[in-house]
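This briefing covers the strand order, helix packing, ring pairs and charged pairs of one model.

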Amino acid sequence: MSTGNWVDVHAHFTPPTTEEQRHTALTAMRELCFLAPQPYHWTVEGALRSMDRTGVAMQLLSAVPQTHDALRTSNDYGAELVTEHPGRFGLLAALPTDDPQAALTEIARADSALRPDGWAVSTTYHGVNLSDPALEPVWDELNRRSAVVFVHPDTTRRPELGLPTPLVEVAFDTTRTVVAMLYRGIFHRHPDIRFILAHCGGALPALSGRLGLLGTQPWVPDGDRFTAAHIAEQLSHLYLDTAASGTDPNLAAALTMVPVDHILYGGDAGVPCSDDHTIAANIAALRNSSNITPAQAELIGRRALDLFPTAAHRLAGPRSGADR
């Protein structure tokens, strides 16, 4: 299959690993109820072949490793991949949001040395949630830059009731964090940050009406600072990706919270919970949706280029041999 023209805003990658490291990761996953049949091995060649098979022209790569050293190494490796394959990859550089000063330092370092297309954060990093008031200087800086920030759930959370974290917990993790950010006024104070929420916002769209109905009541801390219209307006400015969430139930809820031009294609590629089959099925669900037209689905497939003009320029440029 020749390369298609969709752009995946939600694609993971991994710096080179040893066989021993991959087996250790497999053991850890199985202990957390994720019954992967074999170690997962991400390679750039495998990613490019998968993109060609599923019709994805470019992936915006992201990963948020669990130590600051590993995070910087990952950002550096991601930038190398973009240099080697400028028409196929972009980079959302990770930020260590457990330490505001370290995050600010990484913003400056990455912007100067790596030129990322945007930024990636985890809902919680080493116990510090994105709603933590200590992160205000980080949001100030990202707002000053009119940055695009991709928010991914914390995949280190322990599973609940014997079910693997990627199945259900990620959806509620995103929801809890975004609601907390809403009530802390983060979206209101930093209107120039474009936040992209993974997995169609998790459970947030389905609960957005409940927030409008109950979220202004006097028994809600700071609820008297909001109106239902204010809550709806703040949530409508968020962007949602379709990673493993391009089905009609997900889209129906999403479209009650955000306009269709705030929905972007996400594939959740590059992790063991996704493969060519699930990615292709997700794309097919978007293209055959009863909630959007085929033309709108194609726009969703390319919408990331509106938010990432530098990536759009690279994609439109001449292809190198490595990018074919």
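The points below are grouped by topic.

The model is predicted, so local features need pLDDT of at least 70 and side-chain atom pairs count only at pLDDT 80 or more, while totals for chains, interfaces and linings use all residues. Residues are numbered from 1 along each chain as its sequence is written, and side-chain values use heavy atoms, with hydrogens and water left out.

**Sheet and helices**

- An open sheet is formed by 8 strands with parallel pairing, in the order E1-E2-E3-E4-E7-E8-E9-E10.
- Strand E1 (6-12) and strand E10 (263-264) are the edge strands, each pairing on one side only.
- Helices (H or I, at least four residues) and strands (E, at least two) are DSSP runs numbered from the N terminus, and two strands pair if DSSP finds at least two bridges between them.
- Strand E8 (residues 194-197) pairs with strand E9 (residues 239-241) in the parallel sense over 2 bridges, and Ile196 stands opposite Tyr239 in E9.
- Helix H3 (residues 68-84) packs on the sheet, touching strand E2 (56-62) and strand E3 (89-94), and its direction makes about 165° with that of E3.
- Contact means heavy atoms within 4.5 Å; axes are lines fitted to C-alpha atoms, for helices over the stretch in contact, and angles run from 0 to 180 degrees between N-to-C directions.
- Helix H12 (residues 294-302) lies across E1 and E10, at about 50° to E1.

**Aromatic pairs**

- The structure holds 6 aromatic pairs (rings of Phe, Tyr and Trp, the last by its six-membered ring, with centres within 6.5 Å; planes under 30 degrees apart are stacked, over 60 edge-to-face, the rest tilted).
- The Phe187 and Phe195 rings have centres 5.2 Å apart and planes at 80°, so this pair is edge-to-face.
- Both Phe187 and Phe195 are buried (under 20% relative accessible area; exposed is over 50%, partly exposed in between; 1.4 Å probe, protein chains only).
- Phe13, Trp42 and Tyr77 are linked into a cluster by ring pairs.

**Salt bridges**

- The whole structure contains 14 salt bridges (a side-chain nitrogen of Lys or Arg within 4 Å of a carboxyl oxygen of Asp or Glu).
- Arg72 and Asp69 form one at 2.4 Å, N to O; Arg72 is partly exposed at 31% relative accessibility, and Asp69 is exposed at 52%.
- Arg144 and Glu141 form another at 2.7 Å, N to O, with Arg144 exposed at 57% and Glu141 buried at 18%.
- Asp111, Arg115, Glu141, Arg144 and Arg145 are linked in a network of salt bridges.
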